[in-house]
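User: Could you walk me through this model with me? I have a few quick questions.
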Amino acid sequence: MKITAIRTHILKSPLAQPFAFSQGWVPTRSATLVEIITDGGPVGWGEAFAQGMEAPEIAAAAIEHALAPLLVGQDPLDIEVLWHRMYHRTRDFGRKGSVIAAISGIDIALWDLAGKHYGVPISRLLGGAFRSTVQPYATGFYRVEGQGEAKRLAEEAQQHYDAGFRAMKIKLGFGVDDDIAVMRAIGRAVEGKDVTLMVDSNHAYGRVEALRLGYVLDEYDMRWYEEPVAPEDIDGYAELRSKLRTPIAGGENEHTLYGFGELMRRRAIDIAQPDIGSCGGVTALRHIAVLGQAQGIEINPHVWGSAVAQAASLQVLAALPVTHHSLFAREPILEYDRSSHPFRRELVTEPMSLTDGVVRIPDGPGLGIELVPEALERYRVN
Ligand code: CA
């Protein structure tokens, strides 16, 4: 079997109501999907991460101009070999950001293709499934005004709870005083309920403000404090981790075994959050999971993107061992973004959904999803 072509599909959909996270306003949903065609074999689908403000054209250009020429004519089942070839051939201009997102998109598509070729889900190729369902946590609490929304956000917490979520992650990073008001309001809304909280400030602060917020967060028994400082400030991560009681999480803006290896060696994080569409794909997530296992650091993937990235994340979550084994070990938890997203609802025949408090992991071949071609055409801009 040989790869004959790699196609990119750039999807865009303007949001009826733009929303903010700490780094800016998101006006449009976008995605870079990757389709790998073979000579008579199956087709593989993948997705390169496109953060809210990231132009999906960047990863698409890296795929078309830098990576596809390396892969056409190669055997798609040589996944590990191809990963290293892509990484090494782009090292001088890659290593981080959209180039690694491009490698990720291709890598996911190769795993999908291999799963379809062997007739098994990706989790089987990774060594088998530790779980068939996963508990989700609600990601939401985006801002529509910016500041002063504590009351509405407390109501939103109740809505997630009523929808069946028993874990939720609060977006902070809109000024420490505003953040504290939001924490207090949501804390009161969930008081006495069986709810696990996390927070995410999307690296809004330097160490001084991140610590000031952190000391307040320490009053709540939270699962983690995510991206407290900028991804480059590894010493800042380590400092917060040593001073705060709340576990420190990060990694959605870090990449490959090299980047995560550095975070782990410097004791910067308690929980590593590689995003499958950004860290280097299934192959890189597997490398990172092994590093984490060796160092006793929990791996809990960050999940973003369309139904394709969600499906890839579910396959990896199925095959992810717990870091610390025990009879009642803490299991990885699935990031379930609750904001409106047409590429999750419309792009596949069976979108991810919450049933009885859990999300079922597909067990069909490859990613275990089926794309809807009309939906792809509806949002395609290239
Ligand atoms: Ca985040």
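User: Is Glu-262 buried, partly exposed or exposed, and what is its relative accessibility?

Analyst: Glu-262 counts as partly exposed, because its relative accessibility is 26%, where buried means under 20% relative accessible area, exposed over 50%, and partly exposed in between (1.4 Å probe, protein chains only). This is a predicted model, in which local features need pLDDT of at least 70 and side-chain atom pairs count only at pLDDT 80 or more, while totals for chains, interfaces and linings use all residues. Residues are numbered from 1 along each chain as its sequence is written, and side-chain values use heavy atoms, with hydrogens and water left out.

User: Which residue forms a salt bridge with Glu-262?

Analyst: Arg-266 does, with the closest N and O atoms 2.7 Å apart; a salt bridge here is a side-chain nitrogen of Lys or Arg within 4 Å of a carboxyl oxygen of Asp or Glu.

User: Which salt bridge does Glu-226 form with Lys-169, at what distance?

Analyst: The closest N and O atoms of Glu-226 and Lys-169 are 2.9 Å apart, and both residues are buried. Lys-169, Lys-171, Asp-200, Glu-226 and Glu-335 are linked in a network of salt bridges.
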